[in-house]
Every structure is written in C-alpha cells, then in structure tokens.
Amino acid sequence: MVYDLISIGAHPDDVEVGTGGVLIALNKRGYKTGIVYLTAGEMGTGGTPEIRAGEAVSAAHVMGSDLIYTYDWGDTRLFDSYEKRIELAGLIRKYRPTIILAPYPQTGHGKRQSHPDHVAAGQIIINAANYATLKKMPIPGEPHLIKRIFHYFLPPGVSPSFVVDITEHFEQWIEALKCHQSQFLNPEKSRDYIWTLESMARAFGIQAGCRYGQGFYHIEPLRIADLFDLVK
Ligand SMILES: [Zn+2]
C-alpha cells in the first residue's frame, strides 16, 4: 500500500496539532495520508498510553487518515540512533511516501515547540529517510527516495517557508484536536489549549493572508515552473 504523504510526530497529538488541517485538506482531495507517532506519549500529564491511542484513532478518523502506526521508543527518552533510523526507514520503504511531514529538527527556546522529543523526532526522520535510499542497508523492502520533508513545530525565530491555508477545514481540524480530550480538554489542566492552537493557526494565517493556516519550513528552495502558481 503506497501513501502519498506520511506525517510523523513524537507523541500522539503532535501530528494533529502541527499538520492536522493539511491532512484533512489532502484527504479531501483524494491523497492517501498516514500518521506515525514515535512514542506512546506515556509521560504526558494527562491520559495513559491506552487513552491516548484511542484518542489518536478518533482524531485520525476525523482527519481521514487510515494509517496510524505507533512506535514505543520512550516518551522523553527519544534520541536519534542507528537502530531507530533503520526501523523507521523500513516503514518508509513499506509505505513509500512522496512527502514526509516532520517536527523541526533543531532546538529553540519556545515551550511546546522545543520539547526534546520533537527535536529528536525531526533528526531521526531525516536520517531514516536517507537510510531508506541506501541499497546495501539491512532494511526490508526496496530502496525509496522521498521527494521532500517539510517541517512543522517551528521554534521562535524560524519563519515558515510556506503556509497552507486551512480556513476551509478549520472546524474539522478543531474537531480532530478535541478528540485528544486528555490533552486539550482535561479539567485537571488550567490552560485553554484549544484557544492557543486556534491562535497559532491565526498567526500563520495572518502571515500568509488567510484566516487560518499551518506553517512549514523547508531547507531547500522549492522549484516551480509557473510563477503564477505562487499567487493563486
Ligand atoms: Zn509532542
């Protein structure tokens, strides 16, 4: 089974927060998208791995993604390693995505954005994508070269390379976020997470001239054929 795009996060809810609106938009356009979490999120203040796994399934259903795969690589203990690269490269070879969405791979001084697991996830993903192309590596499946990795969870000071307009899918995105009740609607937590996440989408939207957006960083220049594709 080939997937057009796989969005990968460190914890259940990362993908939803950073890329959920984009997944909804792509799924509506007929693209096939999958979700991968590198840990079960057992160190989150709210919920348990079982509760969080159930919430992730509900959110994936709302977003329209039919693949969820969760590694158990240890919440707060996530580090880049040869073994993890090999394992994730096997998944990349199996599902053969054209695009991967991944957390930004360097640390910043923000709060959520620079959770060390997010940074480690970004590094593991970049390296696994490289290993997936190498024929002699001890990885099951045929070598596969993804076309692009776009990064979400941008630390302060890193501007998005582009913003995806999610205005049309905003309500559905919020619905997906609300599936993560133990994280975002937990009475034991005082912060208004949904307000914060809405504000994040507004902030990206303002930068790009739309109501709500999700921002991504790409390390290489994007190649285009028609300059007017940029002003549609
Ligand atoms: Zn996270």
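I call a residue buried under 20% relative accessible area, exposed over 50%, and partly exposed in between (1.4 Å probe, protein chains only).

**Ground rules.** I'm working on a predicted model, where local features need pLDDT of at least 70, side-chain atom pairs count only at pLDDT 80 or more, and totals for chains, interfaces and linings use all residues. Numbering starts from 1 along each chain as its sequence is written, and side-chain values use heavy atoms, with hydrogens and water left out.

**Aromatic pairs.** I count rings of Phe, Tyr and Trp (its six-membered ring) as a pair if their centres lie within 6.5 Å; planes under 30 degrees apart are stacked, over 60 edge-to-face, the rest tilted. I got 11 aromatic pairs for the structure. I looked up F162 with F216, which is stacked at 5.6 Å centre to centre and 20° between the planes. That pair links distant parts of the chain, 54 residues apart: F162 sits in strand 6 (residues 162-165) and F216 in strand 7 (residues 213-216). Strands here are DSSP runs of E, at least two residues, and helices are H or I runs of at least four, numbered from the N terminus. F216 is buried at 1%, while F162 is partly exposed at 22%.

Next I checked F184 and Y193, a tilted pair at 5.8 Å centre to centre and 45° between the planes. F184 is buried at 9%, and Y193 is buried too, at 18%. I also noted one aromatic cluster formed by Y69, Y71 and W73.

**Backbone.** Most residues other than glycine have a negative phi. I found T76 with phi near 75°, in the loop between strand 3 (67-70) and helix 3 (82-95). R96 has phi near 50° and lies in the loop between helix 3 and strand 4 (99-103). T76 is partly exposed at 44%; R96 is partly exposed at 25%.
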